[in-house]
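Subject: Structure handover

Hello,

Here is the structure you are taking over. Please keep it open while you read the notes below it.

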Amino acid sequence: MVAIASFWDERKLLVFVTLIILACAAMLLELAAVRRGERSPFDQFVPAIVTPVQRAVSLTFNAVIGEIQTLAQAGTLGRENAALRQKVQRLASANERLKDQARENVELQRLLRLAQTKSTLATAADVVGYTPEAARREIAIDRGWRDGVRRDAVVIDDRGLVGHVIDAGGHDAHVLLITDPTSSVPAYLRSTKSWGIVTGTWRRVRMKYIGQDVKIRPGETVVTGRGEIYPGGVPIGTIREVDRKDNALYQTAVIDPAVDFNSLRRVLVLETR
Amino acid sequence: MEALNAADVHERLRTGSGRRDARLDPQEAEISVPPSFGVLCALMFVAIIVQSTVLQSVSLRGAHASLVTVLLVWTGLRCGVVAAGWLGLIAGLAEDALGGSGTDVVGTTLAGFSAGLLSVRFFSDSLPVFLTAVAGATFLRGLAAYLVMEIGLGERGLFHRLSHEWAWQALLNCAVAAVALLVMRVAAHLRRERA
């Protein structure tokens, strides 16, 4: 009798089937929660543990980077003499801290002015984390519904539009960035008032459905149009290039976002209208 | 013609006709014990935290390195199907809870399980096998995420843009994997030296 060697022995098969069933069930739960705009049970449980750790790591990392930069600057002065070097290092370190505070002050003043011009209530929040995988473009902020942050609230920083809140927990919320391909923002060109829809392309954003007769110049500013979620007049970015085909109904423009999404630190969440 | 007796032939074959082959000499080898599942979960937690904070400032044409993928593949090759499959499921759930919206869990589970299947066929410490598995797992995870976005979330026309990102991410992941494996080898070597 010949024994048939099976690669898929019974145990592996059982594990595989169990894992696939559990993974599909979890995926369906998540998708259903996304469609309802709510949080799945995992979304309520995991961020409660992870967000404080993310916040601590982000703060530590930023502090370490700041110190490294400070030391690098102080290092160039260290050639003069050892005593002076120590003094300069202390001064440079203190100077950097002051600069940071000054920068932060300017940033907060700008945010405050922006909030006042929008004549609406706003909540300042720190960015504590990004989505771990690149398929979605989302950030986590350290303010939730206990702080007045609601689903669909618009998020901006001092340079322009960041995105909108897609779900809010007690002390944290997830923000869908405008660079995510599932994001759609009504927008218009500031100079010609021509409307279109801005969607994400992961690294940049693209303005679609611009009429063929509209003349678009690179460098033009694109701002949000007043819509169901978004207030009007928030800068989105500037036109980088235009894709115009004679046989197409509309033209499309590639936009450089006003916001640098890789260095987001503090944002402002506008109250849901 | 030279006449050979049996004992003489046996002796010549055993010694390779007088030439010694260094590869046949006994070498000291370390028996590597796979980490426990608790340790793997702790490592995965650290990987997710680092990936969602520190590593976001490092990108290559918009793609970020995925420590989760590298750790999953390493677990698969080192610990087998069961541990890697469960770890993939847990990692996917955590990633989705942190903003994946359901696009990650199936991909991570499949990636972990597939890497575990390789462990019975290939030597787990082989760098080429590890790198190939990491690249494959990156594409597998990307493809699963794409299918969920296309079918589950109704987003169309993402393949072209996503596929470019997978390629860059695979490159970054392979670089991380190579560095990690080399660091582990150096650490093991140093441990042996000390012993």
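How many residue pairs are in polar contact between chain B and chain A? The count is 3 residue pairs, both residues being at pLDDT 80 or more. A polar contact is a pair of N or O atoms within 3.5 Å; within protein, one must be able to donate a hydrogen and the other to accept it, and residues adjacent in sequence count only if both atoms are side-chain atoms.

Some ground rules come next. This is a predicted model, in which local features need pLDDT of at least 70 and side-chain atom pairs count only at pLDDT 80 or more, while totals for chains, interfaces and linings use all residues. Residues are numbered from 1 along each chain as its sequence is written, chains are lettered from A and ligands numbered from 1 in the order in which they are written, and side-chain values use heavy atoms, with hydrogens and water left out.

The interface

Chain B gives 52 residues to the contact and chain A gives 48, where contact means heavy atoms within 4.5 Å. About 4400 Å² is buried between the two chains, 72% of it on carbon and sulfur atoms. Buried area is the accessible area (1.4 Å probe) that two parts lose on being put together, summed over both. On the chain B side, B:A97, B:L98 and B:F113 lose the most area to chain A, together 13% of what that side buries.

There is 1 salt bridge between the chains, that is, a side-chain nitrogen of Lys or Arg within 4 Å of a carboxyl oxygen of Asp or Glu. B:E165 forms a salt bridge with A:R137, and their closest N and O atoms are 3.3 Å apart. The elements of chain B that each give two or more residues to the side touching chain A are α2, α4 (81-100), α5 (105-118), α6 (127-152) and α7 (159-194). The largest share, 13 residues, comes from α4(B).

Chain B

Chain B has 7 helices and 0 strands. Helices (H or I, at least four residues) and strands (E, at least two) are DSSP runs, numbered from the N terminus. Of the 195 residues in this chain, 47% are buried; buried means under 20% relative accessible area, exposed over 50%, and partly exposed in between (1.4 Å probe, protein chains only). Among contacts in chain B between residues at least 6 apart in sequence, 73% join residues at least 24 apart.

One residue to look at is B:A63, in the loop between α2 (37-52) and α3 (67-79) of chain B. B:A63 counts as buried because its relative accessibility is 0%. Leaving out residues up to four places away in sequence, B:A63 touches B:V58, B:E165, B:W168, B:Q169 and B:L172. B:A63 and B:W168 are 105 residues apart along the chain, yet their C-alpha atoms are separated by 6.0 Å.

Chain A

A:H174 is found in strand β5 (residues 173-177) and is buried, with a relative accessible area of 3%. Beyond its neighbours within four places in sequence, A:H174 is in contact with residues of both chains, including A:R39, A:E138, B:A97, B:L98 and B:G99.

Two other residues have a positive phi without being glycine. A:K193, with phi of about 60 degrees, lies in the loop between β6 (184-189) and β7 (195-200). A:Y209, with phi near 60 degrees, lies in strand β8 (residues 205-211). At 46% relative accessibility, A:Y209 counts as partly exposed.

Regards
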